[in-house]
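Look at the sequence and the model together. The text below goes through the parts one at a time.

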Amino acid sequence: MTSNILDQLIGNFLGFTDRYRRDCVLEPMLRLKLEHTLRVVADSRTITSGMNWPENEVCLAEAIGLFHDIARFPQFQKYRSFNDSKTIDHGDLGFQTLEKEKLLARVDDEERSLILSSVQYHNKRDLPPALTANEEKYLRLIRDADRLDIFFISWDSVQSGQIHDHPEIGLNIDFNGPPTDAVLDQFECEGTIDYRNMKSMADRFVLQLSWMHDLSYDSTKRLVRDRKILEKFIDVLPVKTDRLLNCFEKTAALLETV
Ligand SMILES: [Fe+2]
């Protein structure tokens with residue numbers, strides 16, 4: 001993808017999101033999603049540059065970052081919620097929105113199909129089977145870039161006291177509660193953490209440690225390490241038990257290997 005096409009896509013994206021402004025202003029929940037998107041675009045460039053991807057591939061990765069959460073705008077307008085399980089899958093809706101709005105009209109067929117598959121599957125629990133090598137490469141990239149920013153948001157929302165502006169993080173949890181044994185068990189066994197077991201903010205942080213072990217690219221892990229995300233998490237942890245701190249040590253050891 002050329003930088004000219006990427007610039008056009010940025011224009012398309014901003015034109016689309018402008019339709020959700022009232023008196024030129026985006027409501028706060030949508031503003032947070034726009035800011036998240038812009039950081040994911042920047043992180044997509046940083047991660048791929050760290051692996052020396054050629055410039056045309058870096059631009060394609062940025063375009064995927066740009067559109068990965070496009071569905072959040074129509075989703076929130078219709079349902080007033082970002083809860084996919086109670087509303088609509090925002091990866092699938094993103095695919096449909098890009099097609100319906102013809103936002104990728106100037107993109108060539110192969111790149112359009114890579115953007116569509118990455119947007120559709122970026123939020124699925126597991127990678128879908130039967131991806132092409134290129135689909136998998138870009139899908140893994142957007143999943144890494146998205147999670148890298150979610151690490152930032154989680155820390156920032158606690159340290160700034162804005163956790164309740166993020167209902168997808170802060171809803172229905174006992175903020176000061178201890179980590180849950182079932183969540184720690186799953187982390188220690190390197191299993192998938194069952195969201196239904198999560199009760200506290202400490203559990204939320206353990207979930208994010210499990211995501212760090214699941215990052216695809218060493219370049220992303222280096223950014224987690226260099227941005228001192230673990231140290232930032234520990235700073236704002238509402239409770240610090242030995243078992244919880246062991247999870248951090250295990251993750252720090254992983255990050256030291258890249
Ligand atoms: Fe998303």
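This is a predicted model: local features need pLDDT of at least 70, side-chain atom pairs count only at pLDDT 80 or more; totals for chains, interfaces and linings use all residues.

Residues are numbered from 1 along each chain as its sequence is written.

The domain assignment gives domain 1 (3-146) and domain 2 (172-256); such bounds come from an automatic or database domain assignment. The C-alpha centres of domain 1 and domain 2 are 26 Å apart. Their contact takes 8 residues from domain 1 and 7 residues from domain 2, where two residues are in contact if their C-beta atoms, placed from the backbone, lie within 7 Å.

On the side of domain 1 that touches domain 2, α2 (28-49) and α7 each supply at least two residues. Helices are DSSP runs (H or I, at least four residues), numbered from the N terminus. The most comes from α7, with 4 residues.

The largest nonpolar core has 55 residues. A nonpolar core is a set of buried Ala, Val, Leu, Ile, Met, Phe, Trp, Tyr and Cys residues joined through C-beta atoms within 7 Å. Buried means that 20 or more other C-beta atoms lie within 10 Å of the residue's own, with C-beta atoms placed from the backbone. Within this core, A63, I64, I115 and V206 touch the most other members. Helix α7 (residues 133-159) gives the most to the core, with 9 residues. Each of domain 1 and domain 2 contributes at least three residues to this core.

Which residues does A63 touch, not counting residues up to four places away in sequence? A63 touches M1, L6, L9 and I115.

Key: A residue is buried if 20 or more other C-beta atoms lie within 10 Å of its own, exposed if 12 or fewer, and partly exposed in between; C-beta atoms are placed from the backbone.
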